[in-house]
Amino acid sequence: GQKVVLITGCSSGIGLCIATLLAKDEHQRYYVIATMRDLKKKDRLLEAVGDAYGKTLSLLTLDVCSDESVSECINSIKGRHIDILINNAGVGLVSPVECVSMEEVRSVFETNVFGVIRMIKAVLPDMKKCRAGHIIIISSTMGLQGVVFNDVYAASKFAVEGFCESLAVQLLKFNISVSMIEPGPVHTDFELKMTEHISQKDYPGLDAETLHYFKNVYLPASVDVFQTLGQTPQQITMSTKQVIETRRPRFRTLTNPLYTPLVALKMADESGDLSVRSLYHLLFNLGGVMKISMNTLKCLTCACLRSRTISPD
Ligand code: NAD
């Protein structure tokens with residue numbers, strides 16, 4: 001029969017795109033419960049789904065940061081039955097950590113970590129009873145490899161990875177699958193919010209050297225990375241759909257194959273120096289040629305693996 005799919009954060013970006021594609025499935029295999037914090041932001045989604053609205057897609061309010069909102073939403077679903085939960089809601093944060101308040105740190109964790117845990121706790125008892133279910137998390141390559149000036153965001157995605165890696169083992173016993181989708185850069189509001197946030201904020205008290213690295217080295221490099229390696233939400237959606245539709249869903253999916261060497265670096269060298277120093281070289285020595293960054297990275301990876309030594313100068 002039709003699979004009930006609940007998706008968080010559907011007013012924009014990847015969530016909107018996944019909701020739309022599943023709702024428009026030609027065999028109508030999915031019934032999508034598209035959720036968002038504020039239903040006033042439903043127009044973009046409704047425009048995208050067209051006449052699937054009311055047939056294979058319905059809307060519900062859901063704020064992943066609120067216990068009441070989550071239980072109210074889930075209790076309003078018929079039989080509380082959800083086959084597939086897609087944890088997509090998330091927020092980014094790019095900044096030198098000295099300029100981030102603890103309140104901002106907490107707010108990233110509230111959404112990206114506690115939000116996911118809250119959702120999973122809410123659906124788990126029913127999924128276990130059914131001995132079926134699939135939990136999907138839109139994580140990030142930054143859940144596997146830290147990136148400079150993304151410290152807090154990476155920490156939040158690492159936290160989710162640790163949580164899910166642990167849980168996946170237990171849930172196998174109940175025939176419930178857990179799948180991490182790990183995109184690199186994706187062209188959504190996420191990117192926009194990041195660049196807007198940085199240009200609006202000033203960084204009082206930050207030392208001149210860090211400010212220089214952040215604004216004149218990291219930022220242009222990051223814009224370049226988005227331009228050259230950025231994927232579309234459609235591509236992330238296709239990867240997610242593939243994971244949903246396989247009989248034995250994989251635990252981890254890097255949607256952008258160009259990121260595989262970055263993650264492999266860490267596994268290749270248990271001291272961790274390989275990844276830290278390669279990223280250092282990439283940013284500070286090769287910053288000017290970020291346009292060929294992934295090619296550079298691949299060569300660097302090979303060179304490192306061969307020599308196993310690389311000095312930071
Ligand atoms: P986006 O900003 O368009 O979408 C995020 C959505 O989450 C928004 O609609 C937002 O309203 C919603 N949201 C935020 N807090 C919420 C809350 N408390 N309750 C419910 N919804 C909430 O950006 P996106 O790129 O589509 O991001 C989706 C996911 O993809 C995020 O988890 C993000 O970390 C991840 N991701 C994005 C990128 C990228 O480069 N865009 C890369 C890797 C991973």
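An oxygen atom of the ligand lies 2.7 Å from an N or O atom in the side chain of Ser12. The model is predicted, and local features need pLDDT of at least 70, side-chain atom pairs count only at pLDDT 80 or more, while totals for chains, interfaces and linings use all residues. Residues are numbered from 1 along each chain as its sequence is written, and side-chain values use heavy atoms, with hydrogens and water left out.

The side chain of Ser11 also places an N or O atom 3.0 Å from a ligand oxygen. Asn88 uses its backbone: an N or O atom there is 2.8 Å from an oxygen of the ligand. The protein buries 96% of the 830 Å² that the ligand exposes when taken alone (accessible areas come from the Shrake-Rupley method with a 1.4 Å probe; for residues, only the protein chains shown count as cover).

The ligand has 28 residues around it. Ser12, Asn88, Tyr153, Thr188 and Lys193 come nearest. By class, the shell holds 12 nonpolar, 11 polar and five charged residues. Helices α1 (13-23), α5 (151-172) and α6 (189-200) each supply at least two shell residues (helices are DSSP runs of H or I, at least four residues, numbered from the N terminus). The most comes from α6, with three residues.

Leu229 belongs to helix α7 (residues 208-229). Leu229 is buried, with a relative accessible area of 8% (buried means under 20%, with a 1.4 Å probe and protein chains only). Leu229 and Glu98 are 131 residues apart in sequence. In space, their C-alpha atoms are 29 Å apart.

Note on methods. Near = heavy atom within 4 Å. Polar contact = N/O pair within 3.5 Å; in protein donor to acceptor, adjacent residues only side chain to side chain. Nonpolar A, V, L, I, M, F, W, Y, C, P; charged D, E, K, R; others polar. Buried < 20%, exposed > 50% of the residue type's maximum accessible area, 1.4 Å probe, protein only.
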